[in-house]
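Please view the sequence and the structure first, and then read the points below.

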Amino acid sequence: MVRHVDHITKDEEFMRLSLQLAEKGKGRTSPNPMVGAVVVKKDRILASGFHQKFGGPHAEAIALKACSDQAKGATLYVNLEPCSHFGKTPPCTDLIIQSGIKKVVCATTDPNPQVNGKGIQRLKKKGIKVSLGILEKEAKRLNEVYFKYITTKLPFVVLKVVQTLDGRIIHQAEKSKVKQRGIFSKLIQSKKPWIDAILCDANTTETDCLKTFFQSVNSVRPKLILFGNWLAISSKLRRMRKNTHKNLILVPTDLETVKSKDRDNFTIWRMKRKKARNLNLVALLKKAGEEGVTSLLVEAENQIATLFLKQKLVDKIWYFIYPDIWGKGEEPFGDLGVKKMSDSIVLKNCEYKQSKQGLLVVGYPAQVSSWQLAVGSSQLAVSSRQLAVGS
């Protein structure tokens with residue numbers, strides 16, 4: 001029995017496929033967005049493709065090449081507006097026009113000033129029909145890192161909090177005592193490949209944890225930004241036996257104590273002094289953005305985590321709660337300036353994942369900025385693979 005499906009549902013079906021394809025490039029396309037493309041004719045998929053890595057061919061180019069001359073008269077589904085400028089690759093709009101595609105269904109425009117509607121305009125001028133807005137919110141959520149970075153030149157900030165049931169911080173050295181190989185490690189390992197950099201406090205992060213970071217085998221490894229006073233940083237480096245490392249960035253809060261030979265051996269960011277052990281968070285994010293860091297995972301403790309939230313610099317939170325009761329210890333946050341319930345920081349669009357090891361909450365602090373308004377407030381579609389935490 002043939003099931004008849006109306007046109008808008010078919011559009012959503014093929015667009016959802018393009019989103020699934022796009023996600024396959026996660027962790028490999030930065031600073032480019034994740035893009036998937038599907039070529040369809042008479043409700044039959046001719047070919048598909050996705051942007052596999054930065055500098056490689058775009059999704060549209062891969063899909064169109066795969067279906068060759070069959071693309072004439074077909075419809076192209078793509079989750080982001082096709083580019084219309086020369087970059088690492090030629091404009092996708094030119095390939096679409098040359099292929100004979102008659103219609104392009106696009107989820108959202110590209111906020112990149114070099115594109116931002118120009119691709120759609122070029123296609124329309126050549127007589128190609130363009131449908132815009134199918135699964136737009138889902139498409140913007142998928143590329144939330146790209147949307148923030150391309151519009152602000154600042155990295156998308158993820159704050160990680162690990163605590164006991166009674167609200168005590170679980171420090172790096174204690175994680176093995178609370179089943180570190182459960183919900184915590186599996187999610188973090190699945191997330192790290194798309195994180196460009198991890199921010200750690202040298203004064204509180206255990207050396208063994210840093211060693212593990214460098215010993216882990218991963219084809220796409222994030223940078224490690226280690227900040228604190230130089231005594232703490234140099235002590236950690238000696239214990240890790242690190243004389244140099246291309247993915248290690250040092251941010252000494254007392255730069256004047258760093259010896260000249262050490263300045264030559266490491267990548268050192270010179271930051272202006274401010275609060276929280278003299279670390280200027282805004283300056284740090286601007287520097288990270290200038291260096292091409294599009295996403296940043298903050299693994300700092302109470303003081304830095306509090307400042308990130310208080311200054312509204314956090315875009316997303318991974319909150320792990322273990323079923324342990326300690327009765328004493330450091331709390332995750334200090335004074336956030338909350339005087340009444342209505343002033344509290346609320347997490348929106350939350351996803352929850354439970355296992356024997358504890359509970360994971362993924363959400364967005366309700367501290368709205370202009371770029372977040374553009375993304376919208378749709379429910380975040382997090383795949384089971386991303387949140388695979390075991391049982």
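Two strands are said to pair if DSSP finds at least two bridges between them. Helices (H or I, at least four residues) and strands (E, at least two) are DSSP runs, numbered from the N terminus. This is a predicted model, in which local features need pLDDT of at least 70, side-chain atom pairs count only at pLDDT 80 or more, and totals for chains, interfaces and linings use all residues. Residues are numbered from 1 along each chain as its sequence is written, and side-chain values use heavy atoms, with hydrogens and water left out.

**The protein as a whole**

- The secondary structure of the protein consists of 14 helices and 14 strands.
- The protein has 391 residues, of which 54% are buried; buried means under 20% relative accessible area, exposed means over 50%, and partly exposed lies in between (1.4 Å probe, protein chains only).
- Among contacts in the protein with a separation of 6 or more, 74% join residues 24 or more positions apart; a contact means heavy atoms within 4.5 Å.
- The accessible surface of the protein is about 19,200 Å², and carbon and sulfur atoms account for 49% of that surface. Accessible areas come from the Shrake-Rupley method with a 1.4 Å probe, and for residues only the protein chains shown count as cover.

**Strand β8 and its partners**

- Strand β8 spans residues 223–228 and is mostly covered, with 5 of its 6 residues buried.
- Strand β7 (residues 197–201) pairs with β8 in the parallel sense over 5 bridges. Within this pairing, D201 has F227 in β8 as its bridge partner.
- Strand β9 (residues 248–252) also pairs with β8 in the parallel sense, over 5 bridges. Here the bridge partner of G228 is P252 in β9.
- In a regular strand the side chains alternate between the two faces of the sheet.

**Backbone features in loops**

- Most residues other than glycine have a negative phi, and most peptide bonds are trans.
- The peptide bond between S30 and P31 is cis, with omega about 5°. P31 lies in the loop between α1 (7–23) and β1 (36–41).
- D43 is not a glycine, yet its phi is positive, near 65°. D43 is placed in the loop between β1 and β2 (44–50), and its relative accessibility of 52% makes it exposed.
- K153, also not a glycine, has a positive phi of about 65°. K153 sits in the loop between α6 (144–152) and β6 (156–164), and is partly exposed at a relative accessible area of 48%.
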